[in-house]
Structure formats: C-alpha cells, structure tokens
Amino acid sequence: MSVLFIALPLAILLGAAGLFACLHCIGSGQYEDLDTESYRILVDQQPEEQIARKKSDSPGTL
Amino acid sequence: MSHMLADSSKPTLNESTSIRCAHCGLESRGHFSETWALKSAPSPDASAQSPKYFCCRGCMGAYSLIHELGLENFYSLRSLSSHETQPVLHSRSSELLKNLSESGVDVQTLSDGTCQVRLGVEGLHCAACSWLIESLPPSIPGLKSAKVRLSDHSLELHYDPNRTEPYRVAGYLSKFGYALGPLHREEVEEQADRKLRQEHWFWIAVAFFLAANAMWIAVCLYAGEATGIAPQHERFLRWMGALLGLLSAVFPGRIFFRSAWQSIQTRIPHVDVPVALGLLVGTIGSIVGASTHRGHIYFDSLASLVLLLRIGRYIQFRAQFRSGMSIAKLLKFYDIEAVRLSEEGGKLTVPAKRLKVGDRVEVRAGSVVPADGVVTKGQTQLQTAFITGESRPGRFGIGDHVIGGSLNLEALIEVTVTQTAEQGRLGQISELVQQATADRTFLMRLADKIGRVFVWVVLALAVITFLSWWILQGLSVSIDRTLALLTIACPCALALAAPLVITVAIGRAAKEKIWIRDGNTLERLSKPGVVCLDKTGTLTFGDLRVIDWDGPLDILPAIAAMESRFEHPIAQALVDFIRSQNESLGIHPKDFGDLADDVRFEVGQGIFGRIEGRDFFIGRADSHVQTSGDLGGARKVVVKVDGNLQGTFLLGDVLRPGLSKSLRALQERGWKLAILSGDESPQVQQIAQMLESQGIELEDCYGGLSPEQKKEWIIRLRNAGYTTVMVGDGINDAVALAIADVGIAVRGPSEIALKNAPIYIGENHLESIPRLFDASKNAVKAIHRCFAASLLYNMITIGLAATGYIHPLIAAIFMPISGITVLLMAWSARTFPPRNQSLL
C-alpha cells in the first residue's frame, strides 16, 4: 500500500477545507465592500469606558 | 450644510488670504471662531487649544459634537483617503423614515426581537465618514451596530425597536451632515444583483478548486509517462482526476448544458452548444480513460475549460448586467416626496406615488412639484426645463395648472392634485419609456454571429474526422481522434474576447467619468450614424448664468454678501459670477462679511438690504427686456443703491465651452448631427445659425418638440438606416434616450438625473463624446483581433487533432496559452488613448 492512496485524498480534503472557507466568505458578503474594510483595520478601537467618560463630561448631546 | 462638500483632496482657492474651515476644510471667511480647550483628555495636538475657524454654524456644531463624543480621530483619518465615486445627485430625506412600511423600507426582524434595516446614506466621502458613523452606536441607546458600505453608500442599522427607531438615528446623523433615507428603487435591485454576483463567485471558486487539483494530478501523470510510473498509481491518479473533472462538469459546468439544451429546443444555434458538446465529450473521455487505463487524459482540460468559461460568463454578466432593463428605470420621479396637508392642517411627508386626486400638497421653494395639479395658494416661478425643455422659467399663480416634476424657484405654494403620479405627464413619459424599451430590437452580438458559424463548422469537421478515420483505421482510433478534436476546439477565446475587451473599456471609461452600463452600446457606436443632441442642459449649461455686468466692480462684494443668503437660481448665478471675478480681481466678499442688514426677499421684485447705511436693491428691471445679440430670452437684473441705478446684470442660458470644437470632431468622424430640443425660444435657431457659420452642418434642427415628437424623429432616422445616438439630460429626453440605438445621458442641472441611462457622462461631456466614439471603434477592432487570434488557434489545433498529431501534452500546453493570449490582447487594447494623444 503506497502512501499516495492516503496522501492524495488528504491533500484534496485539506484543499476542500480552504474552498469551504472561501465559499463562506463569499456568502457572508465579505467581498462586497473592499473599500471600507481596508481602512477599518487602520482604526484603533477606543475602549468603551473611555467613550462613556467623555460623554459624561460633556452633557447635553442626547 | 456646507461641510457635506468636505473633500480633503480639494485645494483651497486662495491659501494666503483665506482661512480653512476647521471642520469641512473649505475656504471660509472665518466668521465663526471658538477656542477649543477640551476638558477631558487633553489632546497632544497643540492646535486643539488654538482658536478654530468655521465657515458656518453647521460646521461649528458638527465640530463640537464630534469633540464632545470623543471622536477626534475623524480629522486625522479623513486625510487617509478621498473616495471618488459617482456623484450622488438625488437628495434623501429622513422624513420618509417616520413611516417605514409606507415608504417601502424592508425591515428584517431577527430572532431575538431586534431589527435590521439597510438605508441609503448621503454625504459619505471617505473612510473617516464611515468610521464616524460606525463609532456612534454606544452614544445612541438601543442602537446595536451601524455598518457602512462605501461602495454603494448604504448603511445597515441593527437596533432594538423598543428603544430606538431608524428615524431617530437619522435625526442624530443629520447633525453630522449625513442624510439618511430609504434605498431608492434601483438600489433595491442592486441588492438582487448582489445575490447573482455572489452566485457567480461561488461557482468560480468551486471551478478553480477543481481545475487546480485536476491540473496537478495531470502533471503527475505526464511526469509518470516520462519517467515511469507504477500501473496501480497511474490507475489511481486517473480515477481521481476523472472524479474531479466529472464534478467540475456536473456542478459549475451545469449552466452550459442547460443553455445548450435551451438552444437545441429553440433551434437557435448558440456558442454554448459546442461548449456543452466539448464538455460532454471530455467527461466521457475522462471516464473511458480512467476505466480502460489507456488513451489520452482529458479531465484537466475539462476542468480548466469549465473554469475559463465560468470566468467568461461572470465578465459578461458584469459588462451588461441590467443593460436591457436599466433604461426603463431612467425616471426616478417615484422617489420624489410630497408634503401632504391634512384637513386639520397637519403635514405628512409621503412618497409622490401615494398621492391621490384631491390631495393638497405644499411645495416649498427649491423643491419639486410632486404631481400634476392646480395652484390653490400663493404664486411663484416654476422651472419646467426638465419636463418640457423650455429654458425660461414661467410664472404660476392661483388657478394655473402645474406639471409634476417642475422645480419651484421662488415661494411656497399650495397645489391641489388633479392627477396621480401614474396618470400625470411624468407617468405618461415613463410609460412611453417602458414601451420604447420593450420595442427595441437589440443588435445581434458579434460573438453570437461567429459562434453560430463555429458550431456548424466544428460539428461538420467532427463528423468528417470520425467517418474518415473509421474507414481508414477502425472505430477505436476514430473515437479517439474525434474526442481530441472536440475537446481541443476551444471556443472559450471566442466567448471570452468580446466581454473582456468591453469590460476593460468600461473600466477605463469610468476613469474619464463616463459610466457605461450597457456594454453592447460600445459595439453600436463603432459605426457612424446620426447624433441627436438636446439643447437645454446639453449644448448649454441649462441654468441661469451671468452673461454680462455693466457697472462698477467695487460694489460686487456687497452684492455677493446679500445674494449669498438666498438659494434662488438668480442669486446663485450672481454669487458664482462674483466669485469668479474675485479670483481675477482679488476682491473678497470677506471685506463686507456680515455687514448686510435687514436683508429681505420680495416675491416678483428682488432683494432689499442695507450695507453701511446705504439701501441696496437687486432685482427686476421695470420691464422684462428681450435683448438681441444674446441667446434666447436673457433677463436683466438691476442694482440700485439709495434708489439710483448702479449697474445691470444680464443673465441667460450660456453655451457650453468647446461646443463647436467637439461637434466638428464628431463630424470629422463621419457622424451627422441633429438638434432636437423641447425649447420653443429662438435660441435653438440661433445656435444652429452660429454652428453653421462655423462650418458645422446640421442634418435637422427642431425646437419645441414634445417627448413624443422627439421619439418620432429618432424612429424616422432609424428607419432611414442610421445608427441613432441621443444625447440629453432631461426627462423630456428620456423617451428619445430609450428608443435610440444608444442613449447617452449627460449631467445637466436637473435634480432628477438620468444616471441609469446606458451611458452616463459625469463631466465635460462635449469633450468626452468624441473620445467615447473613438474608444468604441478601438474596442471593436480589439475584439476582431482577438477573434482572429482565436480562430487561428482553433484552425491549427483542429487540424492537428483531425490528422491525429495531437498529443495530450500539446493539448495541455495549448489550452492555457489560448486563454492567456486573449486575456493579454484584451487588456492591452488601447480603447481610451491618453488625453494628449487624442485627436481633439
């Protein structure tokens, strides 16, 4: 029994896993907007409590 | 709000003498300044402590709001990108969000009781805008998330319906200058296209996976053939390859079998017939090869053929999606909104299509009359240019009949609706447009024509090959050779070439602000015919501009200071003119600033105000003066100071610059020209005379045409055998745009833009049209070149296959080479030459 009989289906299965990941990305709409995401990664997310503190310091917006 | 115009890439007009607004970055007079010392979290940026200047209160408010929420990042992010998109010409209103179901907004309720809704956003420019909006949810109770999609200017809100409403979010966002409203009709359809596009991507991914794996298995087999391979390994590899090829034909390749079957049923030969036949033969060949362990291998060709064809299908879809339908959606008047007055005196904003006969609506200055009706209160001037092509605004009072779609220029009026949107003039035009679209005979695509011939030739050759080898060397050899021929006879270059070239051309056109929706139009533009031009808005600017100022220059800034407070077209024309004068003279309205007091507007007269103790009047002369020499009915605006006449402005509809040059360029390319205008004024004849004196021949020149008559003219020209091209900007051109072989909409002054025309030109359209025509000629030439290359390839390979010389290795090499050649040829096609080399 050659290793080929195990390695080849295994390689195809691994590839198929990648394919399913790609199909999932397509389905979830990840490729629909390539503009926003490329900038979003550059934005540092502020911790929520910091935003909340700033809000309490400046009353009267909402 | 002026900061909606914020664009970080826009340079200020005069850096040394003006101050940039701290919020929008536009040149400002710096009236509003404030020292921003942030109480919490002192900014490391020292400039945050210094006084800031703003162009208006709106910008100042937005700036303070952004700082209070701790979202200063906005200003640093803004410089990261300037996102250039197609201009958004419609205005949205959050009023329509009050009643979501009435406005046709689709709200999805999720399992946990929260709601999700997709809305259109106006005022988005760059990544900073989307960051700002997406950072808001913690500040709005009940709003879970907001996700912006820059590519189509939409926003997805996820919220708790018990705690907030989209309407309230819209109100909040409007403080920042972003207008939120329901998605327009064509945007909803775009969502449907999205589904189709995802399906294409899905199958391309699957086909790619199968093709890539089939190919490396094929490489193993070729290598094995060269160096020796154990028979059980070869058998295994053949089976695996055959399996992948089979999957490829059955799943991603399904559509080709389906369309071939349809073609057989309808008895119309189609390129998909040999494609399907090739796929079928390849599949059988792979299975036969796998079970007999001998003969050529086909599964790699099969899988890569499916992939290439799938990609071709997607490119085709991109190039011409919605092409047939789009023109029917030219008219967006259904998106007009109306303010309906109830019996009790309440006001409700509803979409225009919901209005019923007898409803009373309020039409504010600057907004559009929502439906045909009779004026019941007030008097005003209405601009009907978009519907009738008439360049001069008309005066309407109580009892006068008004047409839906007219723009109210002056004062608030009340209109009683006499006809619903469908029955009214706009509805009639819309109906005609739809009929015209349905009647339209589409030219047969070049690829289809050649494809049909190809089908028969390949089938005939296959039969000849089969029979002759059968007689000469027996059945098994003959099957082998026929299989080789059918597999290698690759129409994929044929199927790919035209869509690829057109897609590349569309992409390059978009950079020149020419948006081509229907790729087929490029093919039609390559042969000269007749170009029919609308006048108002196409040959001319279509709005009022200052032709001449007869008076002292030093009072101009004072006039600007007064006029800049109004949105009346005359006021805007004066301010634009004075601003352009300022640049050359170096006077600044800043010198007068807010000195103008007590400024008021009197309907039918003009503007009164006081500056430095002097009484100013800017407005109508005592009589409406028709002056010769100018184009059509020019109007005079006089300026009086303390009752004494100081000067006179002459305003009118001005010809676009470069008109005769562009028309001459068209004429040199063999196109005949015609003017079809709805305007009854003598301006049409004056333009014709002016053009003729410059040696430009006009085939036809008509004024005062109704949309129906324009359609008749186009049909007459078409029946005479010409390719007809209509260029127009207004609703009165919509029917002609739809019936013409190619409809080109240009950006005019009209709010109801024809963005959905097969071709839409965003700016400098007179200059762009000859370039577009050249480009289409080049594109068709490039398609022919690709076809020639593809046919040559097929002749060689079919010849080799039929004579039995084809080896699987040669087939394996030829397959990708043919595809790549077509790709390169399409890509390198010089559809749009660089501007300096252009013939213009």
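Reader: Which residues make the nonpolar surface patch of about 450 Å²?

Author: Leu243(B), Leu246(B), Leu247(B), Val250(B), Phe251(B) and Ile287(B) make that patch. A patch takes residues with over 30% relative accessible area and no salt bridge; nonpolar side chains (Val, Leu, Ile, Met, Phe, Trp, Tyr) are joined within 5 Å, like charges within 9 Å. Areas come from the Shrake-Rupley method with a 1.4 Å probe, and for residues only the protein chains shown count as cover.

Reader: What kind of model is this, and how are residues numbered?

Author: This is a predicted model, where local features need pLDDT of at least 70 and side-chain atom pairs pLDDT 80 or more, while totals for chains, interfaces and linings use all residues. Residues are numbered from 1 along each chain as its sequence is written, chains are lettered from A and ligands numbered from 1 in the order written, and side-chain values use heavy atoms, without hydrogens and water.

Reader: Back to the patch. Which helix gives the largest share?

Author: Helix H6 (residues 231–250) of chain B, with four residues. Helices (H or I, at least four residues) and strands (E, at least two) are DSSP runs, numbered from the N terminus. Leu246(B) is found in helix H6 and is partly exposed, at a relative accessible area of 32%. Buried means under 20% relative accessible area, exposed over 50%, and partly exposed in between (1.4 Å probe, protein chains only).

Reader: Salt bridges next. How many over all chains?

Author: The search finds 10. The criterion is a side-chain nitrogen of Lys or Arg within 4 Å of a carboxyl oxygen of Asp or Glu.

Reader: Where does Lys710(B) sit, and what is its partner?

Author: Lys710(B) pairs with Asp733(B), the closest N and O atoms being 2.4 Å apart. Lys710(B) is in helix H22 (residues 707–719) and Asp733(B) in the loop between strand E29 (724–728) and helix H23 (734–739), 23 residues apart.

Reader: Buried or exposed, Lys710(B)?

Author: Lys710(B) counts as buried, because its relative accessibility is 0%. Asp733(B) is also at 0% and counts as buried.

Reader: What joins Arg360(B), Lys377(B) and Glu414(B)?

Author: Salt bridges that share partners join these residues into one network. Within it, the side chains of Lys377(B) and Glu414(B) meet at 3.4 Å, N to O. Lys377(B) is in strand E13 and Glu414(B) in strand E18 (residues 413–417), 37 residues apart.

Reader: Aromatics. How many pairs over all chains?

Author: There are 10 aromatic pairs. Tyr31(A) and Trp201(B) form one that is edge-to-face, with 6.3 Å centre to centre and 85° between the planes. That pair crosses between chains, from the loop between helix H1 (4–27) and helix H2 (34–40) of chain A to helix H5 (residues 185–227) of chain B. Rings of Phe, Tyr and Trp (its six-membered ring) pair if their centres lie within 6.5 Å; planes under 30 degrees apart count as stacked, over 60 as edge-to-face and the rest as tilted.

Reader: Which aromatic cluster holds Tyr31(A)?

Author: The one formed by Tyr31(A), Trp201(B) and Tyr314(B). Tyr31(A) is partly exposed, at a relative accessible area of 36%.

Reader: What is the secondary structure of chain A?

Author: Chain A has three helices and zero strands. Buried residues make up 26% of its 62 residues.

Reader: Last one. What is Thr648(B) in contact with?

Author: Leaving aside neighbours within four places in sequence, Thr648(B) is in contact with Asp548(B), Trp549(B), Asp550(B), Lys636(B), Val637(B) and Val638(B). Contact means heavy atoms within 4.5 Å. Thr648(B) lies in strand E26 (residues 644–655) of chain B and counts as buried at 16% relative accessibility.
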